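Colleague: Just opened this one and I'm new to it. Can you talk me through it?

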Amino acid sequence: MENYVKKLEKKFKLNGDYIFKKIKIGRKTVYLVFNEVLTSSDYVNDFILKRLTKVKAKDLANLMNILPDANMKEIKKEEAIDYMHKGYIIIFTQNIIAIEAKASLDRGVSAIESELSIKGPKDAFSENFNTNLGLIRRRIKSANLIAEREEVGKSTKTSIGILYMSDIVNGDLLQQVKNKLKTIDIDGIMDATYLRENLEAHRTFFPTISSTERPDKVSMALLEGKIAIIVDMSPYVLIMPTFLIDYFHTVDDYYQKPINISFIRIIRLLAFLMAIFTPAFYLAVTTHNFDLIPLDLLLSLKAQRESVPFPALIEAMIMSISFEVLRESDIRMSSTTGSAVSILGGLILGDAAVSAGIISPIMIIVIAISAISGLVFPSIELVSAIRWWRFIMMILATMAGMWGILLGTVILFIHLYLLKSLGKPYLYPFLPFNKLEQKDAIIKVNNRGEKYRNPLLSANRKRGHYR
């Protein structure tokens, strides 16, 4: 053991946070190796070192019973470094013993920030794996909630947890997720986003895997038959598969009356269409299809553009990009500075640009309606997809008017129809059509007595029964 400890000491000699302690107990020597940053110094001093000083040499072979701990195990030599990096103290005697003594390096359970909760629970995920798993287990008190642990990343060896309900989940879907995880070959995982990039469908702007910091949302997804992935050091949990309709739903929908939620979902659907098509429609009717609007309104629009030196498409692009720059600066700045940037940017883009004759007033209204409609959705990935398709529709409308918008709509529909999320159709439950799922698609029906689960996700269709 002494030779192996010396080998470790040589390996980590340039690192000042690795501690090597040598303790004499009678004629025998005990070595303690740990990382002072990852372990609790109070625990090491009060529960390990003090107890070791009272141990007799003849009892070293029975150290597992003398130093009882909730997470204490005998390990092999080649596992010592991995356990050290997980916050364990390694004791080298006749055997090698690892005792968990992790320091508290997380910020604890905090309030939700990115997805505001109106009437639901306020707790959010943190960067601690066990805390995140505990927040889910508090809600689903069932032995059928399985959390399989894996490690991803050659250098970081990041712990991930694959969560699913064993009595609900579709076995083929679960195996597909596991097979994809096995193919990931990467040096390190710093956040759940790294994992997401390797799992979701490519060649599309739309998100096929969702991420959330809300434990109640993950719990609901698990009970639907979906699969969740917890990533250590990430406050976001991945949910898969994800359908387009999921982004028109929020967790708060299930804490309010169905009639109110149905109205809000219709508003979200209209906002989605307005965000993509409003600038394109304006460009079409002012450049090609003049007969689609009344003559008086057309003359008013043309009069506003008389002093603008740019074509309508360039004007729309300038406004759209300016808004994206303003939004990005608002996100990256601190809260105090960000508000000042918003006010300054609004004044410049609004009043000054119109007064200088660079932008027409109606264009500001059109782009503002489109941009604000896109911000209805909390998913950054969906907002980005809307942004790209808005630009595509604007270009097609400038080239061919309403026929260009029609062509773009057909392309968008075909793209969404062919898109898959873990092999499942992205437009479900509309294509393929499922009558039962329409009760919670756009119009929410009070379906407390519903007896069947989503057949696309669950192998156990009947609620309250096990396979």
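Colleague: Is the crossing of H9 and H13 left-handed or right-handed?

Modeller: Left-handed, that is, with the near helix turned anticlockwise from the far one by less than a right angle; clockwise would be right-handed. Keep in mind that this is a predicted model, where local features need pLDDT of at least 70 and side-chain atom pairs count only at pLDDT 80 or more, while totals for chains, interfaces and linings use all residues. Residues are numbered from 1 along each chain as its sequence is written, and side-chain values use heavy atoms, without hydrogens and water.

Colleague: At what angle do the axes of H9 and H13 cross?

Modeller: Roughly 160°, with the axes of H9 (residues 258-287) and H13 coming within 7 Å. Axes here are lines fitted to C-alpha atoms, for helices over the stretch in contact, and angles run from 0 to 180 degrees between N-to-C directions. So H9 and H13 are roughly antiparallel to each other; that label needs over 145 degrees, while under 35 is roughly parallel, 65 to 115 roughly perpendicular and the rest oblique.

Colleague: Which residues in H9 meet H13?

Modeller: Ala271, Met274, Ala275, Thr278, Pro279, Tyr282 and Leu283, and on the H13 side they meet residues including Ile362, Met363, Val366 and Ile367. By class, this contact (heavy atoms within 4.5 Å) has eleven nonpolar, four polar and no charged residues. Nonpolar means Ala, Val, Leu, Ile, Met, Phe, Trp, Tyr, Cys and Pro, charged means Asp, Glu, Lys and Arg, and the others, Gly among them, are polar.

Colleague: And how do H11 and H13 pack?

Modeller: H11 (residues 312-332) and H13 (residues 361-374) pack at about 50°, with their axes 10 Å apart. That makes H11 and H13 oblique to each other, and their crossing is right-handed. Among the residues in contact are Met319 and Phe323 of H11 and Ile364 and Ala371 of H13. By class, there are eight nonpolar, one polar and one charged residues.

Colleague: Zooming out, how many helices and strands are there?

Modeller: The chain has 14 helices and twelve strands. Both are DSSP runs, numbered from the N terminus: helices are H or I with at least four residues, strands E with at least two.

Colleague: What is the radius of gyration of the chain?

Modeller: It's 29 Å, whereas a compact globule of 467 residues would be near 23 Å. That is taken over C-alpha atoms, and the globule rule is 2.2 Å times the number of residues to the power 0.38. The C-alpha trace spans about 105 × 55 × 40 Å along its principal axes.

Colleague: OK, sheets. What order do the strands take in the one with S1?

Modeller: S1-S2-S4-S5-S3, an open sheet with antiparallel pairing. Two strands pair if DSSP finds at least two bridges between them. S1 (18-25) and S3 (72-74) each have a single partner strand, so one side of each lacks a neighbour in the sheet. S2 (residues 28-35) and S4 (residues 88-92) pair over three bridges, and Tyr31 has Phe92 in S4 as its bridge partner.

Colleague: And the order in the sheet with S6?

Modeller: S6-S7-S9-S10-S8, an open sheet with antiparallel pairing. The twist averages 25° from one strand to the next. In S10, Met240 is the bridge partner of Ile227.

Colleague: Which helix lies across S6, S7 and S9?

Modeller: H5 (residues 129-137), running at about 160° to S6.
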